[in-house]
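I opened a new notebook page for this structure.

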Protein chains: 2
Amino acid sequence: MDSRDKALYEAKANVLKALAHPTRLWIAECLADGERCVCEFADVIDADFSTVSKHLAVLKHAGIIEDEKRGKQVFYRLKVPCVLSFMHCVEAVIASRVAAESELLR
Amino acid sequence: MDSRDKALYEAKANVLKALAHPTRLWIAECLADGERCVCEFADVIDADFSTVSKHLAVLKHAGIIEDEKRGKQVFYRLKVPCVLSFMHCVEAVIASRVAAESELLR
DNA sequence: GTAACATTTGGTTATTATGCCAAATATTCA
DNA sequence: TGAATATTTGGCATAATAACCAAATGTTAC
């Protein structure tokens, strides 16, 4: 593996890392339905505003979402919607794990 | 968001987290071509055997890969191959980021 | 049984991520 | 201008990860 490959795997892993947090994943899925104002998140997410803001920054820095300021509010939307296309597969992983566990308990 | 939803987002994030490391992502993509012996990884990955082993354990624990011992060797294979189906999208995220950056430099 | 081999596990340390608080910034409206 | 609102930033404490080394485990061959 040369250094170019290495850099590519690091870049890909970083995109995944941005999504690999419950709150950020929720945000991303939420944005799949359309853009949202930051204020709309804070109500649902049980965390400080600053925490939510930092999660948004991580997703933005990864290139997954983009923001637009309109008046006092900031709206976010998915920049690359396909990032969620594989979630049904992630759910399949979980389902397979659950199935294996219940098999053990049988 | 109730506690059941919360648990689901945590579970999904954990699957992503398992993939969100350059070495583990490389391993997963490598296994997409078919099963591999641990010994085959160690040659390519520039890291201690124990490090590789721990990465494999993370992927296994997440339910993404499974192992089988045959003789002295242990073989791993993808348990849920679709986990890599979205990698072209992750690459799209990177491409979009690169495009934006080169736009800035224009 | 002992040696050799393949892999995993335990322990330690360094790095990174997370979440809260307080303070800063930007925007609107009076 | 000054108050009110919306969001971000900086700082700090704590928790989670990652990598290495050494030691343990399991397997085959002598």
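Helices here are DSSP runs (H or I, at least four residues), numbered from the N terminus.

I noted the ground rules next. This is a predicted model, where local features need pLDDT of at least 70, side-chain atom pairs count only at pLDDT 80 or more, and totals for chains, interfaces and linings use all residues. Residues are numbered from 1 along each chain as its sequence is written, while chains are lettered from A and ligands numbered from 1 in the order in which they are written.

**Entry: α1 of chain A**

I looked up helix α1 of chain A, residues 3-19. It has 17 residues and reaches 25 Å from first C-alpha to last, close to the expected 24 Å. I then checked burial (buried means 20 or more other C-beta atoms within 10 Å of the residue's own, with C-beta atoms placed from the backbone). Among the buried residues of α1(A) are A:Leu16 and A:Leu19.

**Entry: α2 against α4 in chain A**

I took axes as lines fitted to C-alpha atoms over the stretch in contact, with angles from 0 to 180 degrees between N-to-C directions. Helix α2 (residues 22-31) and helix α4 (residues 49-61) of chain A pack at about 70 degrees, axes 10 Å apart. That makes α2(A) roughly perpendicular to α4(A) (the class covers 65 to 115 degrees).

Which residues of α2(A) and α4(A) meet? I found A:Thr23, A:Arg24, A:Ile27 and A:Ala28 on α2(A), facing A:His55, A:Leu56, A:Val58 and A:Leu59 on α4(A). Contact means C-beta atoms, placed from the backbone, within 7 Å. The residues of this α2(A)–α4(A) contact are five nonpolar, two polar and one charged. For these classes, Ala, Val, Leu, Ile, Met, Phe, Trp, Tyr, Cys and Pro count as nonpolar, Asp, Glu, Lys and Arg as charged, and the others, Gly among them, as polar.

**Entry: α2 of chain B**

Is helix α2 of chain B mostly covered or mostly open? It is mostly covered, with eight of its ten residues buried. B:Trp26 and B:Leu31 are among them. The axes of α2(B) and α4(B) come within 10 Å and cross at roughly 70 degrees.

**Entry: chain A meets chain B**

I counted 34 residues from chain A and 34 residues from chain B in the contact. On the chain A side, α1, α2 and α5 (87-105) each give two or more residues. That side divides into 24 nonpolar, four polar and six charged residues.

Technical notes
Parallel < 35°, antiparallel > 145°, perpendicular 65-115°, else oblique. Contact = placed C-beta atoms within 7 Å. Expected span 1.5 Å × (residues − 1). Buried ≥ 20, exposed ≤ 12 C-beta atoms within 10 Å, placed from the backbone.
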